[in-house]
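Hi there,

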Amino acid sequence: MLSLSCALLAFSPVALPSTPPGPGVSTSAHALHPLVLRRGTAAICSASGRSGAAGKDGPLGAVAEDGAVHCKIKDGAAYSAAARAPTSEWLALSNVGFCAGGCDRLVPAVQLRALHHATWYLQEHAMVIQRAVQVASLAHDGQARKNGEPFIIHPVETACILAELRMDLDTIVAGLLHDTVEDTELTLADVDTLFGPSVAAIVKGDSKQSKICLNAAALDKEAQRSLNHRCMLMAMGEDWRIVVVKLADRLHNMRTLQHMPRHKQVRIARETIQIFVPLARKLGVETLERELLHLAVQYLFPKELKGLFGFQLLGHWARLQCWGFGQSLDDLIGRDQELSELDLHVKLNGHRQRWLRHVDQWAIATSE
């Protein structure tokens, strides 16, 4: 089905720890919450907005008598071919064969270890994450970023950011695959078949329409960006996880923006302040909002001004200036009739409540 030339079945994942890593191991992935007890899976269930299995109801969903919370997400990655198919069937379904040289040639070991440590709370789904890494690595094989690094580093780092936020399995898998449909031969139908419709819907929402829609190719760059923003916002109204993946994607791009030409640095930094910083604010993800704003300010002001006024004041000034260009998030929503009719502000507020419940549930899980 997939026209991919080689595979990662030689991939031997580092064992996922059942507890946070000890001294000497990077703890960035554990910065949000240091522990996850048995009720911690409720946050994973809640991320999709689905209900739990039969049992007594509780603030975290349906809770069994033993206190465990059980998800029922039949269209999610946990029920997909990636979770259920034995190796032989997975080989046939995904057209995966052995890759000469092993997985280290495709995915740097540092990124693999970081992903495994970051997703320790999804230990029971390690095989699904491993297979998502396989598919993403093969799809992006031969592609490189501006700095010359293998492209696969970007989706893996995006998935690590999502794991730091304790996002559910579908979101992590979508983070690994978010660029495949727009930049490789992988299709949404392939993603649906391999990882389920939930993951496919998130990937579709995070794909640039200017790259997957043939009619958009004739548009100029500015019109393509407007189309991408519009379609992104429409998709975000349906699932809050699409917003989080897009923010994580933008954050890693901002962290590596130094490799882009100066004119692109300015354009991307301005776009970040216009669209993505207010998105993070509306959703309530303060850590992403602060870092996105901080990184954008770095590229919009000379270091003399940064030393004189500081990032906080310059960040406030940048927001006022960029939002005054008529291209802010509220401007885009307000002047687009279809976006206005979707009540996007109301939906984003609902997404914020979902995010706050997600954070609260993890806090409960780690405090008991």
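At what angle do helix α6 and helix α13 pack, and how far apart are their axes? Before I get to that, please keep in mind that this is a predicted model. The angle between α6 (residues 153-164) and α13 (residues 240-255) is about 120 degrees, and their axes lie 9 Å apart. Angles from 65 to 115 degrees would count as roughly perpendicular and those over 145 as roughly antiparallel, so α6 and α13 are classed as oblique to each other. The crossing of α6 past α13 is right-handed.

Here is who meets whom in that pair. On the α6 side you will find Ile153, His154, Glu157, Thr158, Ile161 and Leu162. Their partners in α13 are Val244, Val245, Ala248, Asp249, Leu251, His252, Asn253 and Arg255. Sorted by type, the residues of this contact come to 7 nonpolar, 4 polar and 3 charged.

Helix α3 (residues 87-94) and helix α9 (residues 188-195) cross at roughly 170 degrees, and their axes come within 11 Å. Since angles over 145 degrees count as roughly antiparallel, that label therefore applies to α3 and α9. From α3, the residues involved are Trp90, Leu93 and Ser94, and they meet Thr193, Leu194 and Phe195 of α9. This contact has 4 nonpolar and 2 polar residues, with no charged ones.

Is glutamine 130 buried or exposed? Glutamine 130 sits in helix α5 (residues 126-139). Its relative accessibility is 16%, and the cut-off for buried is under 20%, so glutamine 130 counts as buried. In sequence, glutamine 130 is 48 residues away from alanine 82, while in space their C-alpha atoms are 9.1 Å apart.

Finally, some figures for the chain as a whole. There are 19 helices and 2 strands. The chain has 368 residues, of which 51% count as buried. Taking the contacts with a separation of 6 or more, 73% of them join residues 24 or more positions apart.

Best wishes

Technical notes: Residues numbered from 1 in each chain as written. Predicted model: local features only at pLDDT ≥ 70, side-chain atom pairs only at ≥ 80, totals over all residues. Heavy atoms only, no water. Axes fitted to C-alpha atoms, helices over the stretch in contact; angles between N-to-C directions. Helix = DSSP H or I, 4+ residues; strand = E, 2+ residues; numbered from the N terminus. Parallel < 35°, antiparallel > 145°, perpendicular 65-115°, else oblique. Left-handed = near helix turned anticlockwise from the far one by under 90°. Contact = heavy atoms within 4.5 Å. Nonpolar A, V, L, I, M, F, W, Y, C, P; charged D, E, K, R; others polar. Buried < 20%, exposed > 50% of the residue type's maximum accessible area, 1.4 Å probe, protein only.
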